[in-house]
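Visitor: Please show me the model, and let us then examine the terms by which it is described.

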Amino acid sequence: MLEWLFGSKKEEQKAGKEDELGKDEKWVYDYVRQYLISPIWRNPLLDFIEENCLLFEDQEENKFEYTKVFQEFTGLSALLLESMIEEIGIPEKTLEKCIIKGIRSERDNKIFRQILLCDNFLAFKKIMIAKNKELEVEALAKIHQQAPKEGTTCPILEKPQHEAQLAIDAKEL
């Protein structure tokens, strides 16, 4: 999965001018760029992250479950890319050229770099932990809204409301 995309640095340097897009390939670049910001690409990945982030804890140790979830995520991203390739009928080499051009582009770097993150376990783990924390803060905010009065405790967390508010305020920073 995605092996065709991630060659060695020697191959990337050697490619040089081979990565330049021909006239007929420029539309592919624009199509891929639009695809990567579309809900067709983003929603399945964001849904996956939200559904699986609760497994990830903010600790250095990596659990076996993390690897399994990461492999599923990588498979999903590869499936999405492969379906796009089939849909528009382009060779993988053309897609590879577009991605390399996009990563090197000052304007589009952030859009295309997300593909590289699909194959980076440490970046994936950080994203999952951040999303887990975000959902935790949202839960604290809901609990805080339901708590009766200032100075009372949050029903589930048994923490004073002001501590819950501090967590909510920290998220807003």
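This is a predicted model: local features need pLDDT of at least 70, side-chain atom pairs count only at pLDDT 80 or more; totals for chains, interfaces and linings use all residues.

Visitor: Why is Asp 108 called buried?

Guide: Buried means under 20% relative accessible area, exposed means over 50%, and partly exposed lies in between (1.4 Å probe, protein chains only). Asp 108 has a relative accessible area of 1%, and is therefore buried. Asp 108 is located in the loop between helix H5 (92–104) and helix H6 (109–117). Of the 173 residues in the protein, 39% are buried.

Visitor: What joins the side chains of Asp 108 and Tyr 29?

Guide: The two side chains are joined by a polar contact of 2.6 Å. The term requires a pair of N or O atoms within 3.5 Å; within protein, one must be able to donate a hydrogen and the other to accept it, and residues adjacent in sequence count only if both atoms are side-chain atoms.

Visitor: What lies over the face of Tyr 29?

Guide: Lys 101 does, at 5.2 Å from the ring centre. A charge sits over a ring if NZ of Lys or CZ of Arg is within 6 Å of the ring centre and within 35 degrees of the ring normal.

Visitor: How many aromatic pairs does the structure hold?

Guide: The structure holds eight aromatic pairs. In one of them, Phe 48 and Phe 73 have ring centres 5.6 Å apart and planes at 45°, so this pair is tilted. Rings of Phe, Tyr and Trp (its six-membered ring) pair if their centres lie within 6.5 Å; planes under 30 degrees apart count as stacked, over 60 as edge-to-face and the rest as tilted.

Visitor: Why is Phe 73 called buried?

Guide: Its relative accessible area is 6%, so Phe 73 is buried.

Visitor: What makes the pair of Phe 73 and Phe 124 tilted?

Guide: The ring centres of Phe 73 and Phe 124 are 4.9 Å apart and the planes are at 35°, so the pair is tilted. This pair links distant parts of the chain, with Phe 73 in helix H4 and Phe 124 in helix H7 (residues 121–146), 51 residues apart.

Notes
Residues are numbered from 1 along each chain as its sequence is written. Side-chain values use heavy atoms; hydrogens and water are left out. Helices (H or I, at least four residues) and strands (E, at least two) are DSSP runs, numbered from the N terminus.
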